[in-house]
Amino acid sequence: MLSRNQILAPPVFASLAGLTGAMLHFAGALKSTQAVAALPFDITLLALLVLLGLLPLLLLGRGWWLSAGLGPPLAACGLFWAWWVLAAAWSPWSAGVADRLPEVVLAGPLMLAMGLLIGAEPAARRVFAAAAIWLGVFVAASIAWGLATDAVVLGGQVGADPARVRVQYQVAGLAIACAAGLAALRATSARGWRLLFWLSVLLGLGVGVLLPGGRAAFLALAATVALAPALRWVLQGRLLPALAWLGFVALGGLAGLGLLLLDPERADKLATLERLFRPQGGADSAREILWAEAWRLGGVAGLGPGGFPPAIGVGQDRGLHPHNHAVEALVEGGAVGLLLWCAGFGGAVLFTLARMRRVAPERAAMIAALTLPIAMTAMVSTDLGNRMVWFALGLALSLGLEARDV
């Protein structure tokens with residue numbers, strides 16, 4: 001029987017924090033499944049409350065080392081949040097301020113801190129990655145089953161079709177893409193039947209990402225599956241396996257798409273392919289218009305939180321945000337906001353790239369697999385209040401934080 005000290009050991013708390021953190025990070029995707037949608041409680045709130053209770057325990061009994069390089073991007077993020085509070089004073093949409101400001105200046109720092117701690121603690125990071133794989137598999141399988149039984153609807157307004165579960169295809173695709181990148185890491189380090197198992201999981205996730213309809217998630221999956229294992233080999237000084245894997249993924253992906261397109265009728269039933277290869281080539285003219293208007297209206301100080309929809313004459317439609325993290329920083333925070341965003345997020349990218357050679361290659365590759373899909377999606381979708389982006393930023397910066405035994 002375990003003693004009390006063993007039960008309350010920090011690794012137990014770290015593992016629970018990793019599992020709960022994965023549930024919080026991918027809660028939007030989980031809500032796209034019938035099983036989670038039928039729960040009588042909000043999984044996001046539950047995971048948040050549990051994680052808030054676990055994080056202080058996670059800190060106990062550990063020594064924490066911080067890289068000095070964390071200072072500039074964290075300082076920039078702090079100034080970014082402070083500027084958003086100030087910019088609320090001139091926003092033309094008071095309801096938008098009340099709705100959006102807490103997501104940026106309250107949830108943003110909290111999510112960043114959670115990602116920072118979970119990414120730095122070895123047990124939490126390991127469990128988080130394992131949970132991310134199986135949550136992605138669960139989401140893909142649930143959506144496939146839901147489509148087969150006509151129990152889910154892709155996108156649409158919340159509650160518009162009470163008889164079917166609404167699939168949030170962007171976040172569902174992100175969960176699948178992150179899981180695929182991590183599965184690729186497992187596959188490329190496995191041997192024998194384990195190799196076949198992980199390749200099968202990877203193939204299933206590749207098919208699964210074609211179901212929800214997210215083009216960005218599909219491209220993110222392809223990029224992450226190719227780059228995460230290659231990055232690990234490069235950091236190990238093994239260039240030949242890295243190049244071979246990149247070629248294998250490229251040829252395998254093209255061959256798979258070719259086989260699917262041999263049957264156009266079946267390919268049209270795959271929402272992602274249908275959106276990617278529609279007659280207009282997948283172009284999204286509405287997004288281009290939103291970007292152009294945002295660049296025109298940004299100015300020096302910006303429109304303030306939630307100020308973009310009223311400024312372009314669509315009233316209080318939150319869904320018509322610029323669909324680009326940097327462009328939204330410009331239009332809501334002006335040139336000042338964009339500068340601080342570049343210092344925070346751009347500085348985090350530079351810091352992460354510099355730190356990758358100073359940590360274990362497996363850790364660097366794992367963080368890349370978890371953050372690259374979010375980074376790619378943030379540039380074509382989502383908004384500044386999206387908690388996944390801030391959590392991923394914390395995961396990236398976690399390469400500059402070390403949890404050590406004391």
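Close-up A. Thr371 is found in helix H19, where helices (H or I, at least four residues) and strands (E, at least two) are DSSP runs numbered from the N terminus. A polar atom of the Thr371 side chain lies 2.7 Å from the backbone oxygen of Ile367. A polar contact is a pair of N or O atoms within 3.5 Å; within protein, one must be able to donate a hydrogen and the other to accept it, and residues adjacent in sequence count only if both atoms are side-chain atoms. Thr371 counts as buried because its relative accessibility is 14%; buried means under 20% relative accessible area, exposed over 50%, and partly exposed in between (1.4 Å probe, protein chains only).

A word on what you are looking at: this is a predicted model, in which local features need pLDDT of at least 70 and side-chain atom pairs count only at pLDDT 80 or more, while totals for chains, interfaces and linings use all residues. Residues are numbered from 1 along each chain as its sequence is written, and side-chain values use heavy atoms, with hydrogens and water left out.

**Close-up B. Arg232, a buried residue with two partners.** Arg232 counts as buried because its relative accessibility is 3%. Its side chain meets that of Glu362 in a salt bridge (3.0 Å, N to O), a term for a side-chain nitrogen of Lys or Arg within 4 Å of a carboxyl oxygen of Asp or Glu. Arg232 lies in helix H12 (residues 215–235) and Glu362 in helix H19, so this pair ties together parts that are 130 residues apart in sequence. Glu362 is partly exposed, at 36% relative accessibility. The charged end of Arg232 also sits over the ring of Trp233, 5.7 Å from the ring centre; for this, NZ of Lys or CZ of Arg must be within 6 Å of the ring centre and within 35 degrees of the ring normal.

Close-up C. Side chains of opposite charge can pair when their charged atoms come close. The structure holds nine salt bridges. One of them joins Asp42 to Lys31, with the closest N and O atoms 3.0 Å apart. Asp42 is in the loop between H4 and H5 and Lys31 in the loop between H3 and H4, eleven residues apart. Both ends are partly exposed: Asp42 at 38% relative accessibility and Lys31 at 30%. In helix H16 (residues 285–297), Glu293 and Arg296 lie three residues apart, about one turn of the helix, and their side chains meet in a salt bridge (2.6 Å, N to O). Here Glu293 is partly exposed at 24%, whereas Arg296 is exposed at 54%. Look also for Arg100, Glu328, Glu332 and Asp383, which are linked in a network of salt bridges.

Close-up D. A pair of aromatic rings is described by the distance of the centres and the angle of the planes. Rings of Phe, Tyr and Trp (its six-membered ring) pair if their centres lie within 6.5 Å; planes under 30 degrees apart count as stacked, over 60 as edge-to-face and the rest as tilted. By this rule the count comes to twelve aromatic pairs. The rings of Phe26 and Phe128 have centres 6.5 Å apart and planes at 35 degrees, so this pair is tilted. Phe26 sits in the loop between helix H2 (10–25) and helix H3 (27–30), while Phe128 is in helix H9 (residues 122–148), 102 residues apart. Phe26 and Phe128 are both buried. Trp81 and Trp390 form another tilted pair, 5.4 Å centre to centre with 50 degrees between the planes. Trp81 belongs to helix H6 (residues 71–87) and Trp390 to helix H20, 309 residues apart. Trp390 is buried at 1% relative accessibility, and Trp81 is buried at 13%. Ring pairs link Phe80, Trp81, Trp84, Trp341, Phe345 and Trp390 into a cluster.

**Close-up E. Two loop residues with positive phi.** Most residues other than glycine have a negative phi, and most peptide bonds are trans. His323 has a positive phi of about 60 degrees although it is not a glycine. Its place is in the loop between helix H17 (308–311) and helix H18 (325–355), and His323 is buried at 16% relative accessibility. Thr382 also has a positive phi, near 55 degrees. Thr382 is in the loop between helix H19 (361–378) and helix H20 (387–397), and Thr382 is buried with a relative accessible area of 12%.
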